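Reader: I am new to reading protein models. Could you walk me through this one, step by step?

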Amino acid sequence: MVFFFRFLATGTDYQSLSFNFRIGHSTIHKIINHTANVIWETLGNIVMPQPTTKLLRYCANKFESTWNFPNCVAAIDGKHVTIQAPPRSGSLYFNYKKSFSVVLLAMVDAEYRFIAVDVGAYGKNSDGGIFTDSNMGKSLKNGTFGMPKDRPVTVNGEPLPHVIVGDEAFPCKTYLMRPYSGRGLSQDKRIFNYRLSRARRVSENAFGILCQKFRIFLNKIQIHPKNADKIILCSLCLHNFLRNDNVFLTVLEQERTENEAPVFTSISNIGGKCSNEAIKIRDAFKGYFNSDSGAVSWQEDAINMGNA
């Protein structure tokens with residue numbers, strides 16, 4: 001067990017672990033894979049269960065109080081986890097960074113916990129394409145993800161849906177907000193982009209925290225992609241376990257179900273466009289962020305200093 005956590009904490013390869021602990025290379029391989037499986041199977045449904053409406057409502061309250069973005073349940077982003085080039089894989093795992101990788105696509109709450117993930121997509125695929133064909137993307141599209149009911153963000157205002165925030169790589173949907181694109185944006189659109197970016201950055205921060213805890217993600221993982229997926233899932237469980245607090249655990253306990261761990265699949269590259277309804281919802285959030293009730297005192301200074 002000691003060398004398993006050294007493997008995660010330092011990214012030491014199997015051969016070095018074999019020399020350091022005087023254990024055969026194949027034995028190291030079996031123990032690490034078995035331990036990663038046990039941790040995921042034991043902790044997965046405890047620290048990262050299937051999202052429920054009550055849990056997502058709790059996340060939305062945290063996003064509003066901490067990051068000033070109402071009706072936001074999560075931030076979404078993808079991370080390329082660098083791996084050794086698999087044999088006979090061609091360009092499937094070759095990404096735009098000129099390295100080989102598998103993609104970790106994750107939804108993150110306001111306190112840097114992973115609440116839904118998809119692991120194992122080919123490195124050549126885009127974040128937006130992976131999201132569209134992932135289990136989380138499909139469940140959001142068909143309304144089975146458990147999103148809370150629409151809620152007005154101002155007194156006597158029109159109800160707005162609960163959303164996830166992402167960057168330009170993702171399509172704009174009624175349940176997924178992305179920034180306005182282009183140059184020379186008007187002041188109100190720049191303010192919206194700043195407020196969305198401020199909430200969205202929790203996903204990037206979560207990846208940063210994950211990499212500092214488990215420095216294996218800073219190195220090239222020299223194992224087969226299927227085994228790399230197990231290591232990633234195990235690390236996410238341990239990350240959430242270390243970040244959980246009593247209030248969050250209480251919400252999970254109240255909503256505990258017997259759902260199985262999510263299924264992860266390989267994804268094809270699929271794009272998307274903004275629908276008229278999605279544009280209307282984004283404009284409504286933009287109006288709120290530029291109103292007296294929704295503005296924060298520092299937003300204009302932030303965009304004038306070049307933060308949006």
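This is a predicted model: local features need pLDDT of at least 70, side-chain atom pairs count only at pLDDT 80 or more; totals for chains, interfaces and linings use all residues.

Reader: In what order do the strands of the open sheet lie?

Author: Let's begin with the neighbours of β1. On one side, β1 pairs with β2 (residues 101-108) in the antiparallel sense, over eight bridges. β1 also runs parallel to β6 (residues 163-165), joined by three bridges. The open sheet has five strands with mixed pairing, and the order is β3-β2-β1-β6-β7.

Reader: Which strands are the edge strands?

Author: Look for strands that pair on one side only. Those edge strands are β3 (114-122) and β7 (176-177).

Reader: Which residue is the bridge partner of isoleucine 76 in β2?

Author: Bridges can be followed residue by residue. In β6, alanine 74 has isoleucine 164 opposite, and alanine 75 has valine 165 as its bridge partner. For isoleucine 76, turn to β2, where the bridge partner is methionine 107.

Reader: At about what angle does helix α8 run to β3?

Author: Helix α8 covers residues 225-243 and lies across β1, β2 and β3. The direction of α8 relative to β3 is about 165 degrees.

Reader: Which side chain meets that of arginine 151 in a salt bridge?

Author: The structure holds seven salt bridges. One of them links distant parts of the chain, with arginine 151 in strand β4 (residues 151-152) and a partner in helix α4, 87 residues apart. At 3.2 Å from N to O, that partner is glutamate 64.

Reader: In which helix do arginine 200 and glutamate 204 both lie?

Author: These two also form a salt bridge, with the closest N and O atoms 2.8 Å apart. They are four residues apart, about one turn of the helix. Arginine 200 counts as buried because its relative accessibility is 11%, while glutamate 204, at 37%, counts as partly exposed. Both residues lie in helix α7.

Reader: Which residues are linked in a network of salt bridges?

Author: Start from the salt bridge between glutamate 111 and arginine 113, whose closest N and O atoms are 2.5 Å apart. Both of these residues are buried. The network links Lys62, Asp109, Glu111 and Arg113.

Technical notes
Residues are numbered from 1 along each chain as its sequence is written. Side-chain values use heavy atoms; hydrogens and water are left out. Two strands pair if DSSP finds at least two bridges between them. Helices (H or I, at least four residues) and strands (E, at least two) are DSSP runs, numbered from the N terminus. Contact means heavy atoms within 4.5 Å. Axes are lines fitted to C-alpha atoms, for helices over the stretch in contact, and angles run from 0 to 180 degrees between N-to-C directions. A salt bridge is a side-chain nitrogen of Lys or Arg within 4 Å of a carboxyl oxygen of Asp or Glu. Buried means under 20% relative accessible area, exposed over 50%, partly exposed in between (1.4 Å probe, protein chains only).
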